[in-house]
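Here are my notes on the model, as promised. Have it open beside you while you read, and tell me what you think.

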Amino acid sequence: QVQLVESGGGLVQAGGSLRLSCAASGSIFSITIMCWYRQAPGKQRELVATISRGGSTDYADSLKGRFIISRDNTKNTVYLQMNNLKPEDTAVYYCKAVPYSIYDAEYWGQGTQVTVSS
């Protein structure tokens with residue numbers, strides 16, 4: 001089992017920045033890729049960014065250049081640095097852990113609210 005706890009959300013003005021954290025505990029050795037997703041009110045959950053255990057990253061095209069995902073394997077923590085935030089970035093942000101084994105379930109955090117005011 002893996003437990004994920006997100007933090008760092010809050011209210012910020014447009015143009016501001018926030019850094020989200022996702023702390024993982026439990027069977028960390030079983031995890032390979034870590035992801036950030038977000039879900040805005042009335043919309044489907046969408047992938048924001050992914051990072052492999054080795055540090056390879058990928059982003060949603062619309063967010064490249066503003067969001068940066070990183071991970072500290074010594075702290076079992078993944079970060080999402082969000083810059084130049086826009087009102088449309090308002091959403092609940094979720095962390096997901098993908099296990100090495102396809103037979104294991106993926107793990108989700110409880111989410112952290114990000115609200116960007118105009």
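1. Leu-4 stands opposite Ala-24 in β3. The strands β1 and β3 (residues 18-26) run antiparallel and are joined by 6 bridges; two strands pair if DSSP finds at least two bridges between them. Please keep in mind that this is a predicted model, where local features need pLDDT of at least 70 and side-chain atom pairs count only at pLDDT 80 or more, while totals for chains, interfaces and linings use all residues. Residues are numbered from 1 along each chain as its sequence is written, and side-chain values use heavy atoms, with hydrogens and water left out.

2. The pair belongs to an open, antiparallel sheet of 4 strands, in the order β1-β3-β8-β7. Because β1 (2-7) and β7 (67-72) are at the edges with a single partner strand each, one side of each has no neighbour in the sheet. From one strand to the next, the twist averages 15° (axes are lines fitted to C-alpha atoms, and angles run from 0 to 180 degrees between N-to-C directions).

3. Overall, the protein has 11 strands and 0 helices (DSSP runs numbered from the N terminus: strands are E, at least two residues, and helices H or I, at least four). Its radius of gyration is 14 Å, close to the 13 Å from the globule rule for 118 residues, so the protein is as compact as a globular protein of that length. The radius is taken over C-alpha atoms, and the rule is 2.2 Å times the number of residues to the power 0.38.

4. As for burial, 46% of the 118 residues count as buried, meaning under 20% relative accessible area with a 1.4 Å probe, protein chains only.

Terms used: Buried means under 20% relative accessible area, exposed over 50%, partly exposed in between (1.4 Å probe, protein chains only).
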